[in-house]
Amino acid sequence: MRYILIWTLGLCAALLVSCSGDTCYSESREVSPDGWSMDSVLRFPVMFTPEILDETDDFRVNIMVRNDDGYAWQNLWLFIDRMGADSVAARDTVEIFLSDNSGRWIGSGVGSLHTLSEVYIDTLHVGRPGEYMFEVRHGMRMENLDGICNIGLSVEKIAHQ
C-alpha cells in the first residue's frame with residue numbers, strides 16, 4: 001500500500017511540475033524501503049539540448065525530499081557530486097531541515113508522508129549543451145538511513161527581465 005501511495009504522489013508531482021513551461025527536467029528516485037544505504041548513489045542525468053539552451057540562460061536546481069514519520073532527525077545531510085558536459089566536477093555538501101525545532105515537519109504532506117523542495121543551486125549557468133550528471137548520496141552518520149522515501153531533482157529556467 002505504501003508503494004502505491006508513494007508512486008501516486010510522485011506521479012502527481014511529476015505531472016504538476018511537467019506542466020510548468022520553465023521546468024526542463026524533473027525526476028524523482030525511490031529509496032529502498034529497507035533504508036537508504038550510505039553506499040547507494042541516486043543519479044540524475046540532465047540533458048541540456050541546444051533547443052532549450054541559450055548562452056544567456058541560467059537555471060535553478062531544486063532538491064526534493066520525501067520522508068515519512070519514521071525519519072528520526074530534524075535535518076538531512078546530502079553529498080551532491082555534479083559533472084558538467086565539459087567534464088568539470090564539483091562536490092557540494094547540503095543540509096536540508098525537514099522539521100522545525102519543535103519537531104513539526106516543514107514540508108507539505110498527506111498522512112505520514114511529507115515532501116519538501118529546497119533550492120540547491122540558485123543560479124547555474126550552463127556553458128554548452130550536453131549531459132550534466134548529478135549524483136546524490138546521504139551524508140548522515142549511519143550505514144542505513146530509515147524514513148527517506150524519495151529524492152528528486154528539478155531544473156528550471158530562470159526568466160531574465
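This is a predicted model: local features need pLDDT of at least 70, side-chain atom pairs count only at pLDDT 80 or more; totals for chains, interfaces and linings use all residues.

Colleague: Which strands are the edge strands of the open sheet?

Modeller: Four strands make up this open sheet, with antiparallel pairing and the order E3-E9-E5-E6. An edge strand pairs on one side only, and this applies to E3 and strand E6 (89-97). The edge strands are therefore E3 and E6.

Colleague: Which elements give two or more residues to the lining of the second largest pocket?

Modeller: The second largest pocket has a volume of about 210 Å³. Its lining holds 13 residues, and those nearest the centre are Arg82, Gly84, Asp86, Val88 and Tyr132. By type, the lining divides into seven nonpolar, three polar and three charged residues. Two or more lining residues come from each of E5, E6, strand E8 (113-125) and strand E9 (130-138).

Colleague: Is Asp57 buried or exposed?

Modeller: Asp57 lies in the loop between strand E3 (42-48) and strand E4 (58-68). Its relative accessible area is 10%. Because the cut-off for this class is under 20%, Asp57 counts as buried.

Colleague: With which side chain does the side chain of Asp57 make a polar contact?

Modeller: The residue in question is placed in the loop between E3 and E4. At 3.4 Å, the partner of the Asp57 side chain in this polar contact is the side chain of Lys157.

Definitions and conventions: Residues are numbered from 1 along each chain as its sequence is written. Side-chain values use heavy atoms; hydrogens and water are left out. Buried means under 20% relative accessible area, exposed over 50%, partly exposed in between (1.4 Å probe, protein chains only). A polar contact is a pair of N or O atoms within 3.5 Å; within protein, one must be able to donate a hydrogen and the other to accept it, and residues adjacent in sequence count only if both atoms are side-chain atoms. Two strands pair if DSSP finds at least two bridges between them. On a 1 Å grid over the protein atoms alone, a cavity is a set of points where a 1.4 Å probe fits but cannot get out, and a pocket is an open set with protein on both sides within 12 Å along at least five of seven lines; lining residues have an atom within 4 Å of a point. Grid points are joined across faces, edges and corners, and a volume is the space filled by probe spheres set on the points. Ala, Val, Leu, Ile, Met, Phe, Trp, Tyr, Cys and Pro count as nonpolar, Asp, Glu, Lys and Arg as charged, and the others, Gly among them, as polar.
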